[in-house]
Amino acid sequence: MKDRLAWGMDWETWIPQAWAAREMAHAPYSDFQVGAVLVSSDGKIFTGCNVENISYGLTMCAERVAIGSAIAAGAKEIIAAVVVADTREPISPCGACRQVLAEFGDPRVLLVCRESRAEFQLSELLPRASTGILEKPPAAE
Ligand code: THU
């Protein structure tokens, strides 16, 4: 794995990519479009948008769509996430997305709306994500 410090936090590149991903949202039921960008520890970018369904409970959030894409492409660790929506205040990822993201690291998370931003560590948004649940198996050599 490359030294993560080599990558920096290039929010100004990733934010427009998240807005572009949002354009792909399939949100005919809520009419609420969300875009996400994830950055892996080797500097790769993965995008997602929300994908709603006529059976509402099957809706997938933008964050989890991006996580699936990242992991399916071989990403092992997520170091940064951007989530955008056209809201007055920065959107906040749902509990399920926080938990699923926590499986793959403790990224910086930038939440963006039209006029402001809020930056967090995922572990601030979801403390004790895995404490006391299961031991993670040691990483493969
Ligand atoms: N949604 C996301 O995609 N990400 C979030 O962080 C919050 C909500 C989606 C789910 C649903 O399609 C719509 O926004 C309204 O909740």
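**Order of elements**
I traced the protein chain from the N terminus and got α-β-β-α-β-α-β-β-α. That makes four helices and five strands. Both are DSSP runs numbered from the N terminus, helices being H or I with at least four residues and strands E with at least two.

**What I'm working from**
This is a predicted model, where local features need pLDDT of at least 70 and side-chain atom pairs count only at pLDDT 80 or more, while totals for chains, interfaces and linings use all residues. I number residues from 1 along each chain as its sequence is written, and side-chain values use heavy atoms, with hydrogens and water left out.

**Overall shape**
I looked up the radius of gyration, taken over C-alpha atoms, against the globule rule of 2.2 Å times the number of residues to the power 0.38. For 141 residues a compact globule would come out near 14 Å, and the protein chain has 15 Å, which agrees. Along the principal axes, the C-alpha atoms fill a box of roughly 45 × 35 × 25 Å.

**Inside and outside**
I find 37% of the 141 residues buried, meaning under 20% relative accessible area, with exposed over 50% and partly exposed in between (1.4 Å probe, protein chains only). I also checked contacts (heavy atoms within 4.5 Å). Of those between residues at least 6 apart in sequence, 62% join residues at least 24 apart.

**Salt bridges**
I count four of them in the structure, each a side-chain nitrogen of Lys or Arg within 4 Å of a carboxyl oxygen of Asp or Glu.

One of them joins Arg117 and Glu12, at 2.9 Å from N to O. Arg117 sits in strand 5 (residues 117–121) and Glu12 in helix 1 (residues 11–22), so this pair ties together parts that are 105 residues apart in sequence. I looked at accessibility too: Arg117 is partly exposed at 46%, whereas Glu12 is exposed at 51%.

Next I looked at Asp86 and Arg114, whose closest N and O atoms are 3.2 Å apart in a salt bridge. Asp86 is in the loop between strand 3 (78–85) and helix 3 (95–102), and Arg114 in the loop between strand 4 (108–112) and strand 5, so the pair links parts 28 residues apart in sequence. Asp86 is partly exposed, with 43% relative accessibility.

I also noted Lys44 with Asp42, a salt bridge at 3.5 Å, N to O. Lys44 is partly exposed at 47% relative accessible area, and Asp42 is partly exposed at 34%.
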